[in-house]
Amino acid sequence: MTIEKIFKGNTAVFVPEGWLDTANAADFSAAIDELGSDVTKLTIDMSKLEYIFSAGLRLIVAAHKKMKGALTVTNASAEIMDVFKMTGFDKKLDLK
Amino acid sequence: MKNYALRKIAATAIIIITVFLTILALVSGFFLRRSTADHCREKAQQIRELYNDLSEYIDINQLSSDAKSNTYVSMRSMFKGLCDSYDAKYIYIFDFSGHQLEYIMCVAKTKEDDARVKKERKLGTKVRVEDTSFFEEAKNGKLSGPRSLNNSYGCVYSYYFPIEDNNGKTAAVVGIDFDVTNMINKADRSVISLVIQAAAILFSVLGLFLFVLSKKVFSPIKMISTAMNEFDPEKEHKQLKIRSYREIEEINESFNKMSRDIKGYISDLRAMADEKARTSAEMSIARKIQSGMVPEVLNIMATNYSAAAFAVPAREVGGDFYDCFETDDRVFFVIADVSGKGVAAALFMAMSKNMIKEKLRAGLSPARALNLTNDDLCAENPEGMFITVFAAVLDKRTGELSYANAGHTPPVLHYGADVRFIEPETGIALGLFEDSDIVDEFLILRNGESITVYTDGITEAVSADKQLFGSQRLLEAAAASTDKEHTSDIVKAVKVFTEGCEQSDDMTMLTLTYHSSEQHHAEVLPARMSSLGAVRDRLKELTEGSSRKMKIILAFEELFVNIIEYSGSDTVGVILDRSGNKLTIRLEDSGTEFDPLVSMPDEKDFEDYDTGGMGIRMASRIALEISHRYIGGKNILLMTFEL
């Protein structure tokens with residue numbers, strides 16, 4: 001899966017493209033693991049993400065824990081928002 | 001003329017009496033005549049003895065020489081005296097030579113006669129005689145006679161004896177004639193009188209006998225016979241009162257008893273006929289009720305399936321049945337054969353049919369429905385009847401046919417040119433044992449594939465030459481059938497086979513054909529992540545235009561991935577079906593039994609989401625319905641979605 005990564009100081013922005021499903025989860029997981037301790041804030045821009053599956057949701061939780069809550073999710077499509085609502089993510093995540 | 005006993009007896013008796021009287025007349029006549037002859041002979045003998053006493057004083061030669069001599073005259077007067085005292089008509093002395101007879105002397109009893117014979121039969125008178133046998137006999141020394149002479153003068157018996165000269169030589173013959181006319185007439189009269197008396201007595205006795213016979217025997221018999229002829233079981237029988245001999249009274253009593261018995265039998269027969277008519281009417285109603293429950297012919301053309309069935313009981317009512325009904329997404333069909341035939345089988349069948357139907361309708365699997373029905377039947381089965389059943393459910397969306405077999409004949413699968421038996425678990429007939437342990441099995445019907453179920457009345461149909469139709473002919477008939485529903489062609493084949501034979505068993509058959517919807521996809525994939533892409537594309541196509549498209553894909557993928565990662569199965573069977581605004585997904589794997597819905601984690605906090613297991617929860621939220629079953633070593637997940 002293609003993940004565009006933009007770093008500005010201690011802030012990182014990930015722009016994943018396509019389907020964040022089981023098959024692609026490993027790529028996204030690796031991208032999170034690669035984040036150095038200097039990065040304190042993470043924004044996941046979902047403008048290019050077609051859809052997210054449970055494996056993807058797991059990684060968002062993992063990223064949220066790693067950033068100690070400093071995770072922002074932006075530009076989620078209505079369909080992805082449905083998934084967030086369904087799982088209660090919409091109440092925990094900083095959605096913009 | 002009819003041969004009536006009384007007439008016959010009378011005629012026979014008359015003949016016998018007549019013969020008897022005739023014999024009586026002949027015998028008595030014979031004896032009377034004989035006694036007359038004996039009487040005359042005795043007199044002749046006495047005359048002979050008298051003569052013999054005198055003979056030494058008589059010279060016969062002197063007699064025959066001169067009729068004027070004293071000797072001749074005194075002899076003549078002596079003979080005349082004998083004539084009078086012995087009541088002889090004539091006494092005469094003669095000699096004969098050949099047929100020539102020469103009189104020596106002749107005397108007669110009456111004066112006129114004596115005067116006549118004195119002239120006409122004087123010494124030396126010669127007469128020719130034809131029969132001289134008596135004379136010859138007398139000449140030999142015997143007293144011969146009677147020589148019977150019967151003419152217009154009357155009846156005369158003549159006796160002859162010889163007389164000797166002084167030298168002891170037979171010199172002449174003495175003839176004595178007795179007039180027996182009166183005696184004979186008297187004898188005849190006494191015979192006639194005897195016969196008349198006997199006849200009078202015998203005929204009186206006969207008349208009396210016939211009268212008694214007629215009065216006491218024949219007329220009661222005639223009355224009984226008239227009563228028998230007039231006997232009408234419909235009417236009151238008038239019993240005859242007969243006073244007669246014991247035997248006749250017994251006949252009458254027997255007839256009275258017989259007529260009572262006949263009336264009894266007829267009324268019994270009538271009651272039986274009424275009973276039979278009532279039973280027949282009841283059977284006809286029973287048949288109507290049964291053909292309401294099990295129509296003789298069934299043809300269903302529905303959206304996803306078609307069915308054809310027929311049922312022909314061997315008697316008015318039968319123990320076979322089939323059933324075919326549907327709920328929203330499922331078509332149920334059952335075929336069964338109750339042990340035995342007729343009313344008992346029909347009642348048992350009606351009971352079983354409802355038991356099974358009610359359980360299938362309630363959503364129980366075929367095996368569960370049959371096992372519970374078995375429990376019910378075992379509890380209410382005093383006659384020890386049993387039933388073989390094949391019950392199946394077709395999921396109209398997926399083509400999944402789940403079935404259970406309770407000792408029934410194996411069904412035939414028919415797909416294009418491929419015709420074969422499926423071999424379900426044999427199972428055990430219901431009603432026999434409390435633990436039936438019937439299991440569910442399933443198969444996937446392809447579009448246009450059909451299954452034919454039947455009872456053993458088909459395979460065990462017997463031809464004129466005592467052959468069974470058998471399973472091979474059944475397969476051949478199914479393969480040869482051109483009709484979309486094979487039932488009618490198979491039935492035709494059975495009818496041709498059994499031409500001219502009475503149907504011995506109920507025959508029932510049902511064919512069900514699956515017609516999948518146009519948006520239907522079924523395939524078996526290797527259990528690998530790489531299989532996902534192509535199926536996802538098919539799913540995208542099928543969910544095109546739906547706002548819930550992505551969620552459905554999410555749910556599908558969560559479960560699909562779950563199978564690949566945890567089931568350990570090599571393959572995943574996928575069926576996708578879109579009918580109207582519903583999408584159905586069926587996933588099948590041959591991994592270990594695992595119900596993801598049971599092991600689904602509880603609602604988690606956000607922080608715990610990274611531990612996994614939430615995909616199934618999400619899928620179950622998205623799905624309208626989701627279910628898991630484990631049948632025949634397969635996990636089956638069935639989900640439906642609103643589009």
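The model is predicted.

In chain B, helix α1 (residues 5-55) packs against helix α6 (residues 181-230). Their axes come within 9 Å and cross at roughly 160°. Angles over 145 degrees count as roughly antiparallel. The crossing angle therefore makes α1(B) roughly antiparallel to α6(B). The crossing of these two helices, α1(B) and α6(B), is right-handed. By class, the contact of α1(B) with α6(B) has 24 nonpolar residues, 5 polar residues and 1 charged residue.

Helix α6(B) also meets helix α7 (residues 246-293) of chain B. Here the axes come within 10 Å, and the crossing angle is roughly 10°. That angle makes α6(B) roughly parallel to α7(B). On the α6(B) side, the residues in contact are B:V217, B:P220, B:I221, B:I224, B:A227 and B:M228. They meet B:I248, B:I251, B:N252 and B:F255 in α7(B). The contact of α6(B) with α7(B) has 9 nonpolar residues and 1 polar residue, with no charged residues.

Between the chains, 16 residues of chain B are in contact with 18 residues of chain A. On the side of chain B that touches chain A, two or more residues each come from α14 (549-566) and α15 (614-622) of chain B. Of the elements on this side, α14(B) gives the most, with 6 residues. By class, the side of chain B that touches chain A has 8 nonpolar, 2 polar and 6 charged residues.

Key:
Residues are numbered from 1 along each chain as its sequence is written. Chains are lettered from A and ligands numbered from 1 in the order in which they are written. This is a predicted model: local features need pLDDT of at least 70, side-chain atom pairs count only at pLDDT 80 or more; totals for chains, interfaces and linings use all residues. Axes are lines fitted to C-alpha atoms, for helices over the stretch in contact, and angles run from 0 to 180 degrees between N-to-C directions. Helices (H or I, at least four residues) and strands (E, at least two) are DSSP runs, numbered from the N terminus. Angles under 35 degrees count as roughly parallel, over 145 as roughly antiparallel, 65 to 115 as roughly perpendicular and the rest as oblique. A crossing is left-handed if the near helix is turned anticlockwise from the far one by less than a right angle, and right-handed if clockwise. Ala, Val, Leu, Ile, Met, Phe, Trp, Tyr, Cys and Pro count as nonpolar, Asp, Glu, Lys and Arg as charged, and the others, Gly among them, as polar. Two residues are in contact if their C-beta atoms, placed from the backbone, lie within 7 Å.
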